[in-house]
Amino acid sequence: MDPFLTGGHMIRKVRADETTWGELPHKFEAGTAPMAEAVGLGAAIDYLEAVGIESIEQHEHELVAYALDKLADIPGVTTWGPPADKRAGIVSFDVAGVHPHDVAQILDLDGIAIRAGHHCCQPLMTRLGVAATNRASFYLYTVPEEIDRLTAGILRVKETFGV
Amino acid sequence: MSDLDQLYREVILDHYKNPRGHGVLEDADATAEGQNPLCGDEVTISVRFGPDGETIDEVGFEGRGCAISQAATSMLTEMVKGRKASEVAVLPKDELLQEIGIPLTPIRLKCAILGLGVLKVALHRAKGTPLPEEWQGLANELELS
């Protein structure tokens, strides 16, 4: 297969009438290598290893368990997915009577960013019988107080819509 | 007014909770439906003309989706009742947006004009006129038929 981009470090020989390409992967990697990105990736890996992958997993499980508990206390909120110990830091939920895009918009006005939509899985939405869902996700920099803000925001959504 | 009050004005929530012109009309002279595949918003609109075959006598809609899409369609039914089909078929979207009266992001803008697009498709089809060019791209995107 011929390369579709040309540049530095990707040829073997260039003649007036013929050019041959370098070995893979070089012939498809024309130009200056993304050195800053490679160094950045290394730094990110060092950082995660210093924190500890197991600690991050533990933190996510704790946040998810807390979020599922708090959401279960709000009437009209449905959550989907496995129990907390079997999932990563992510919770999909529905607020009865309010479209997820309205939920997300009102939360956004409170500075809470969630994802709303069909999440690139329309067949699952059909199976669940919903147009879309809300999805909040947590990571090592998320703190429990932010989940409190999320649940307070959902109460504000319900108040706004009178549901 | 706060951002929340502005976006979900009382009138928007009122139209969402108590949609005007709700229900599909029997013996309709013009119908069309559309959906916004990104949001899952759906709207079906039906129209009945008066004895002159031109005045919009009744307009009904059914749908589901976000507050903006459903409230905008409800407001639209009130706006167009009693007006000429040929006039509504070329109604500028700004007229509806002015009525909605809230700032909309590009994505929510599509929610807001879904009903208007469906109505235009219905009217142009009933009258045998082509959908104006500026609506054709949107008609494909919003799956109006």
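**Chain B, overall**

I started with chain B and counted seven helices and three strands. I took helices (H or I, at least four residues) and strands (E, at least two) as DSSP runs, numbered from the N terminus. Along the sequence, the pattern of chain B reads α-α-β-β-β-α-α-α-α-α. I then checked the radius of gyration: chain B has 14 Å, close to the 15 Å that the globule rule gives for 145 residues, so chain B is as compact as a globular protein of that length. The radius is taken over C-alpha atoms, and the rule is 2.2 Å times the number of residues to the power 0.38.

A note on the source: this is a predicted model, where local features need pLDDT of at least 70, side-chain atom pairs count only at pLDDT 80 or more, and totals for chains, interfaces and linings use all residues. Residues are numbered from 1 along each chain as its sequence is written, while chains are lettered from A and ligands numbered from 1 in the order in which they are written.

I looked up the extent next. The C-alpha trace of chain B spans about 45 × 30 × 25 Å along its principal axes. Of the 145 residues in chain B, 43% are buried. My cut-offs: buried means 20 or more other C-beta atoms within 10 Å of the residue's own, exposed means 12 or fewer, and partly exposed is in between, with C-beta atoms placed from the backbone. I also looked at contacts in chain B between residues at least 6 apart in sequence; 66% of them join residues at least 24 apart. Contact means that the C-beta atoms of two residues, placed from the backbone, lie within 7 Å.

**Helix α3 of chain B**

I checked the length of α3(B), residues 67-80. At 1.5 Å a residue, its 14 residues should span 20 Å, and the end C-alpha atoms are 20 Å apart, which agrees. The expected span is 1.5 Å times one less than the number of residues. α3(B) is mostly covered, with twelve of its 14 residues buried. Among them are Ala67(B), Ile68(B), Met75(B), Leu76(B) and Val80(B). Gly82(B) follows α3(B) and has a positive phi, near 90 degrees.

**Where chain A touches chain B**

I counted twelve residues from chain A and twelve residues from chain B in the contact. On the side of chain A, the elements that give two or more residues are α3 (100-109) and α5 (144-161). α3(A) gives the most, with five residues. By class, that side of chain A has five nonpolar, six polar and one charged residues. Here Ala, Val, Leu, Ile, Met, Phe, Trp, Tyr, Cys and Pro count as nonpolar, Asp, Glu, Lys and Arg as charged, and the others, Gly among them, as polar.

I looked up the domains of chain A: domain 1 is 11-51 and domain 2 is 53-161. These bounds come from an automatic or database domain assignment. Their centres, taken over C-alpha atoms, are separated by 39 Å. I also checked one pair: Thr32(A) and Leu68(A) are 36 residues apart in sequence and 47 Å apart in space, C-alpha to C-alpha.

Helix α2(A) covers residues 53-72. Its 20 residues should span 28 Å at 1.5 Å a residue, and its end C-alpha atoms are 28 Å apart, which agrees. Glu60(A), Leu63(A), Val64(A) and Ala67(A) are its buried residues. Seen down the axis, they fall within an arc of 100 degrees, so they line one face of α2(A). The arc is that of the directions from the helix axis to the C-beta atoms. An α-helix has 3.6 residues a turn, so residues three or four places apart point the same way. Exposed on the other side of α2(A) are Glu54(A), Ser55(A), Gln58(A), Asp69(A) and Ala72(A). The cover over the buried residues includes β4 (90-95), β6 (133-137) and α5 of chain A.

Most residues other than glycine have a negative phi, and most peptide bonds are trans. I noted exceptions.

- His9(A) is not a glycine, yet has a positive phi of about 65 degrees. His9(A) sits in the segment before β1 (11-14) of chain A and is exposed, with 12 other C-beta atoms within 10 Å.
- Asp27(B), also not a glycine, has a positive phi of about 50 degrees. Asp27(B) is in the loop between α2 (10-17) and β1 (30-36) of chain B and counts as exposed, with 7 C-beta neighbours inside 10 Å.
- Leu24(A) and Pro25(A) are joined by a cis peptide bond, omega about 0 degrees. Pro25(A) lies in the loop between β2 and α1 of chain A.
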